[in-house]
Amino acid sequence: MHHFHSTNGILHAEGVPLPRLAAEVGTPTYVYSRATFERHYRVIDQALAGVEHTVCYSVKANPNLAVLQLLASLGSGFDIVSVGELRRVLLAGGDPRKIVFSGVGKRDDEIAAALSVGIYCLNVESAEELARTEAVARRLGTRAPIALRVNPEVDAQTHAYISTGLKTSKFGVTMAEARDLYRRAAASPHLRVVGVDSHIGSQILQLDPMIEAVARVLDLVELLRAEGIPFESLDIGGGLGIAYRDEPTVSPFEWGPTVADLARRHGLHLLTEPGRVIAGNAGLLLTRVLGTKRNDSKSFVIVDAAMNDLIRPALYSAHHSLVPVLEAPDRRIAKVDVVGPVCESGDFLARDRDLPELRTGELIAVLGCGAYGQSMASNYNSRTRAAEVMVHGDTHTVVRARETLDDLWRGEAMLQPQALWAESDA
Ligand code: LLP
């Protein structure tokens, strides 16, 4: 469900025609729909109504301050993975007591920053990290609230790069190791066990692996409770997939009541860390056709957005739907590669795609780009990162200005000319 629709043959974001945004802000531009973000957050929240819960939006999906501010205003908590994300959430008005800190490699200063603002919980991913967390808490004279991220060894049946619950994964600790670590944590005056966490992957399109993972984690909780270790919360991670074309997805209203019921029966506060399901379809990437070309075997449409703006097709062979902003029902359909200007053959937004014939200068919308679009963007090929716009009804706000050329070399320095000459003389 999203609020990008064609009216009178022109694609709109809510009430704003996209050509107007392109004229005012330029391209490439990420365009977000506030109503869509709100709707998605509410769907997840309502789906979990059967249990006391906190939705901790996964900041990495889309960390724009306006997005975080909007979600914070709806009552969302946040799942962070770095001190940068922590600062963003705090800047945007997020409540530190609703923050969980995940990630396989937290630095001591990041752990300290999180403890000093009073986050809800650190999701600890190894024995060594548990010891470091304890040491940081001791130094700060506090007690670190922790959960262990356990690896339930369930196959999420998603792309290998975003599957995290397998035995071979770098994430979390095994069930057996978790038992020992929980005993150690429970005995420490500087650690406080608050819960347990798992996250088996992203873009998951089946309910069963998610439920299987929760069931395995709950067995661990009951085993440890029997030893007197208390648990107040269960964090089931993120991972709900979205339809990038028309693939069947797990309905939040099937998933929510099932996991809520499990948590409630075990007397646990439920935490979840959705990213993509909230942000994915709330954003599109608006790009303009720079030109077309054809060789003996292929036709190419060259657009002004590239893999540095949206890396998902190159990195995961991901499919994003492309639609011309101006509908043209009588156009011929042609098979084309839609590619960006970056100097790599992997720089494409679509390959061998049947699309209405596209003309130089026209606008195209790349759908499903609200999550892991701008958040994974880079300056490769010294390209400035795209602008970001949040639409609300028939108004819009530029929530991130397009980068300038000066932004590209901010912080860089050149060598002293004398040093350069001295070496080349030698
Ligand atoms: N929690 C943890 C611990 C995670 O690692 C992730 C995502 C999430 C929550 C949110 O997952 P979601 O609900 O968005 O599936 N760049 C990839 C996705 C990487 C996901 C990384 N972790 C992509 O573009 O598909």
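User: What makes β2 and β3 paired strands, and how do they run?

Analyst: Two strands pair if DSSP finds at least two bridges between them, and strands are DSSP runs of E of at least two residues, numbered from the N terminus. Two bridges join β2 (residues 10-13) to β3, and the two strands run antiparallel; therefore they count as a pair. In β3, V16 is the bridge partner of A13. This is a predicted model, in which local features need pLDDT of at least 70, side-chain atom pairs count only at pLDDT 80 or more, and totals for chains, interfaces and linings use all residues. Residues are numbered from 1 along each chain as its sequence is written, and side-chain values use heavy atoms, with hydrogens and water left out.

User: Why is one side of β1 and of β3 left without a neighbour in the sheet?

Analyst: The open sheet has the order β1-β2-β3, with antiparallel pairing. β1 (4-7) and β3 (16-17) stand at its edges, and each has a single partner strand, so one side of each has no neighbour in the sheet.

User: How do you know that the span of helix α8 agrees with its number of residues?

Analyst: The expected span is 1.5 Å times one less than the number of residues. For the 19 residues of α8 (residues 207-225) this gives 27 Å, and the end C-alpha atoms are 27 Å apart, so the two agree.

User: What classes of residue line the largest cavity?

Analyst: The lining has seven nonpolar, five polar and no charged residues. Three of the lining residues, the largest share, come from α8.

How values were computed. Helices (H or I, at least four residues) and strands (E, at least two) are DSSP runs, numbered from the N terminus. Ala, Val, Leu, Ile, Met, Phe, Trp, Tyr, Cys and Pro count as nonpolar, Asp, Glu, Lys and Arg as charged, and the others, Gly among them, as polar.
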